[in-house]
Amino acid sequence: MTQLTESEPEVYQGQFGQFTITQSDRTGVLIYRTGLMVAALSFAAGSLLVLLLGNTPATLNALTPLYACFSLGLGVSLVTIHIYLASLHRLLQIFWLIGGITAGVLALQNSEALALTVYNHPVTLLGAGFTFAALTGIFFKEAFCFNRFETKLLTPLVPVLLLGHLTGVLPVPVEKTLLAGWAILFLVFALRKAFQAIPPDIGDKSVFDYLHQQRSVEA
């Protein structure tokens, strides 16, 4: 048996042929996971401040930069995530963009803190909430591909909390409980991703090549 060297990458058998995983592929996965970790830590820090300190001036002032870090981390992950369906990948990126633009406009046009604006005016979630729709898309993808228990819970939890607040049907104690669960499960997800083998996150590159060829033929 021929021993692999650093110059001879391992060859994988995909659905539509053989492929290799490059250092660029591995770097992309590490960037994806780093973005998730930044987003998860920022979200957990913001949630902890809200749950422990409430809407104090210090909390409200801290939430805007924490949200910016969360959104940027999520955006980086959405650029580097591997999703077979290019249209779905692009849709999640568009969702993130809509949510980010809406949040930026709300932050600039209102004198009060962004978090307070969104909380007191739930209708703003119809715009800013697209960021969390993109995040839910990642949770769904991870639940479908890797059967992770935390993402199976997060996939319905996020829209239930946001839609519940939008419609006003959830009592505050329930909202706090769901927020705490979201923060904890998001951290669990990001931490578990950090120790997962890299190749599964890259997926079957022969499928990506096949789908690209199909789009080229249709064009």
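Q: Which residues is Thr59 in contact with, leaving aside its neighbours within four places in sequence?
A: Thr59 touches Leu49, Val50, Leu53 and Gly54, where contact means heavy atoms within 4.5 Å. Keep in mind that this is a predicted model: local features need pLDDT of at least 70, side-chain atom pairs count only at pLDDT 80 or more, and totals for chains, interfaces and linings use all residues. Numbering runs from 1 along each chain as its sequence is written, and side-chain values use heavy atoms, leaving out hydrogens and water.

Q: Is Thr59 buried or exposed, and how do you know?
A: Its relative accessible area is 1%. Buried means under 20%, exposed over 50% and partly exposed in between (1.4 Å probe, protein chains only), so Thr59 counts as buried. Thr59 lies in helix α2, residues 57-80, while its contact Leu53 belongs to helix α1, residues 23-53. Helices here are DSSP runs of H or I with at least four residues, numbered from the N terminus.

Q: Is Asn147 buried or exposed, and what makes it so?
A: Asn147 has a relative accessible area of 53%, and that value makes it exposed. Asn147 sits in the loop between α6 (130-146) and α7 (149-167). Its phi is near 55°, a positive value in a residue other than glycine.

Q: How many aromatic pairs are there?
A: The count is 11, with rings of Phe, Tyr and Trp (its six-membered ring) pairing if their centres lie within 6.5 Å; planes under 30 degrees apart are stacked, over 60 edge-to-face and the rest tilted.

Q: Why is the pair of Phe43 and Phe186 called tilted?
A: The ring centres are 6.2 Å apart and the planes stand at 55°, so the pair falls in the tilted class. Phe43 lies in helix α1 and Phe186 in helix α8 (residues 172-194), so the pair ties together parts 143 residues apart in sequence. Both Phe43 and Phe186 are buried.

Q: What makes the pair of Phe132 and Trp182 edge-to-face?
A: The planes of Phe132 and Trp182 are 80° apart, with 5.5 Å centre to centre, and an angle over 60 degrees counts as edge-to-face. Phe132 is in helix α6 and Trp182 in helix α8, so this pair links parts 50 residues apart in sequence.

Q: How do you know whether Phe132 is buried or exposed?
A: Phe132 has a relative accessible area of 11%, so it is buried. Trp182, at 2%, also counts as buried.

Q: Which residues form one aromatic cluster?
A: The members are Phe43, Tyr67, Phe70, Phe132, Phe139, Trp182, Phe186 and Phe189.

Technical notes:
Helices (H or I, at least four residues) and strands (E, at least two) are DSSP runs, numbered from the N terminus.
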